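The entries follow the order in which I made them.

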Amino acid sequence: MAKKEYAFYPGCSSQSKASASNYLTSVNAMCDKLDVTITEIPDWNCCGASIGYAEGGELPRLALSARNFALAETHLPGKEMVATCAACWLAQREVKERLDGSEQLLKETNEALAAAGLKYQGTTPVRHMVEVLIEDLGYDALKQPVVKPLEGIKFAGYVGCQTNRPFGIAGESFENPVYLDKLVETVGGEAVPYDQKVTCCGGALAFSEPDKSQKQIRDIVESAYDHGAEMIVTPCPLCQANVEIYQSEINKKQGTKFSMPVLYYSQLMTIAYGGSAKEAGLDGQLIKATRLEEIAKK
Amino acid sequence: MTTAMKYRNDFLGEVEKNVEEGHWVRMCMQCGVCAGSCPLGNAWAHPPQELFMMIRAGKREEVLSSDSMWMCTSCYNCIVRCPRKLPITHIMHGLANYAHRLGLAPKGQPTRETATLFWNNLIKKGRVNELTFSLALYFKDGFVQGIKNALNMQAVGLGLVKAKRLNPMELLGGHGVKDQAGFKAMIEKARQIEDRKKGFAK
């Protein structure tokens, strides 16, 4: 397998001791096992996420993502950008589409970037890590390093919103994407049928509209139980955080007894590839994924 | 002449010119698929297709002071299902931003406040500081409410600290970009251009 190299945009939540630091830990381990090199874009900034619009408006938001592109183009020329966070990936793609489609916005954004001594050239495509896995490597290559198949564990593949819409993964349906289920099966797990796989967790409104968001989260967790899943797996850091963190709140308020671990695909893959619980970031789970820890110890 | 006066009789024109992706509004054919696709659909006093019709009808105050578009979770379901491919999510963001910048958005609207705190947090150092963002959220309604909120979420917060997913030391600074001066100059310039274009310039 030829070695793959990318300009890596980890995003705020993946930084050390941030809410998705265990995502980054497992992505690093997974990429090691797959011989994929990810080089962090020097001095990258926040993408503005999906909530930045209210105060940030249009052009300041375009400038945020354009700066990341410009830094990648300057320091890691010729390498495609890869993001692990759904919101980071979405913001970068949206901004690229906007700038490549409007000379006016391109001119204005570059005027802003010039104040930081940078220029957006539009030469760098942005990919989600999932695209790198299934398009650049392919399911067969992802299966080869499996030494500890996750046999007998049932997963609900929770795709969520922003890796699925509006761009999504090529060839997948918006209403019923199957790549996550296929990834689960590739590492030997069982993907249960799951009717909430593209339901919104509330996103950033988990902070501002907790009751409305927790209703969404309850549906997502309840359906995973109803379909016999033992764990939820997701590609999105905000989905992971919301669906894991608020289970205890929902239990407290509504008398449910939720205790469903919520994992990243990269954690499943790291364990299946023989990585340790620590390398898979399992110590970062609030709701422990005990059965994965057991497999890791074997 | 103020922005309001200039467009008094043409709110659609104002939206087309000043609201992000606002030029799409007249393409809506009122099918309502967006309303039926929204995860928070029943929380909207005026679902997107209704807002679009109100814009065409010139209902400026009602649209801009509505809290409907603040219910958008950015799930993009409306975009992928819209038969005319209107970028509805972006138009909702654009309307919310426009109402916010004009000072017409509902005061104390929780998503408006959260979004403002989030943006101010991220532009301070170029990267989000999750700890100071959470604390600012808890304490936005005053000190007493802040302590209550913090105590309510104490178990979750301590769990996150223990799992190394929240760092108390972020209070002392935390993550940020190295080129602070360049980053701030860029944001300021972008804001200047935007304010000039959209009539926010003072």
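Predicted model: local features only at pLDDT ≥ 70, side-chain atom pairs only at ≥ 80, totals over all residues.

Entry 1. I placed Glu16(B) in helix α2 of chain B, which spans residues 11-18. I also took the C-alpha separation between Glu16(B) and Arg26(B), which is 8.8 Å for two residues 10 apart along the chain.

Entry 2. I then checked the domain assignment of chain B. It gives domain 1 as 3-107 and domain 2 as 110-194. The C-alpha centres of these two domains of chain B lie 28 Å apart.

Entry 3. I moved to chain A and its UniProt record. The entry, which is unreviewed, carries the annotation "domain: Cysteine-rich" over residues 6-89 and 158-243 of chain A. For residues 6-89 of chain A I noted 46% helix and 14% strand, with the end C-alpha atoms 14 Å apart. For residues 158-243 of chain A I noted 42% helix and 7% strand, with the end C-alpha atoms 10 Å apart.

Entry 4. I looked at a helix pair in chain A. How do the axes of α3(A) and α5(A) cross? Helix α3 (residues 59-75) and helix α5 (residues 103-114) of chain A have axes that come within 9 Å and cross at roughly 70°. The class for 65 to 115 degrees is roughly perpendicular, so I wrote α3(A) down as roughly perpendicular to α5(A).

I listed the residues where the two helices meet. From α3(A) they are Leu59(A), Leu62(A), Ala63(A), Ala66(A), Arg67(A) and Ala70(A). From α5(A) they are Leu105(A), Glu108(A), Thr109(A), Ala112(A) and Leu113(A). By class, this contact has eight nonpolar, one polar and two charged residues.

Entry 5. Last, I looked up the interface between the chains. How many residues of chain A are in contact with chain B? I found 53 residues of chain A in contact with 54 residues of chain B. On the side of chain A that touches chain B, the elements giving two or more residues are α1 (21-34), α2 (53-56), α3, α5, α9 (205-208) and α10 (210-226) of chain A. I sorted that side of chain A by class and got 22 nonpolar, 20 polar and 11 charged residues. Helices α3 and α5 of chain A, from the previous entry, are among the elements listed here.

Methods
Residues numbered from 1 in each chain as written. Chains lettered and ligands numbered in written order. Axes fitted to C-alpha atoms, helices over the stretch in contact; angles between N-to-C directions. Helix = DSSP H or I, 4+ residues; strand = E, 2+ residues; numbered from the N terminus. Parallel < 35°, antiparallel > 145°, perpendicular 65-115°, else oblique. Contact = placed C-beta atoms within 7 Å. Nonpolar A, V, L, I, M, F, W, Y, C, P; charged D, E, K, R; others polar. UniProt positions renumbered as here; feature names shortened; annotations may be inferred. Domains from an automatic or database assignment.
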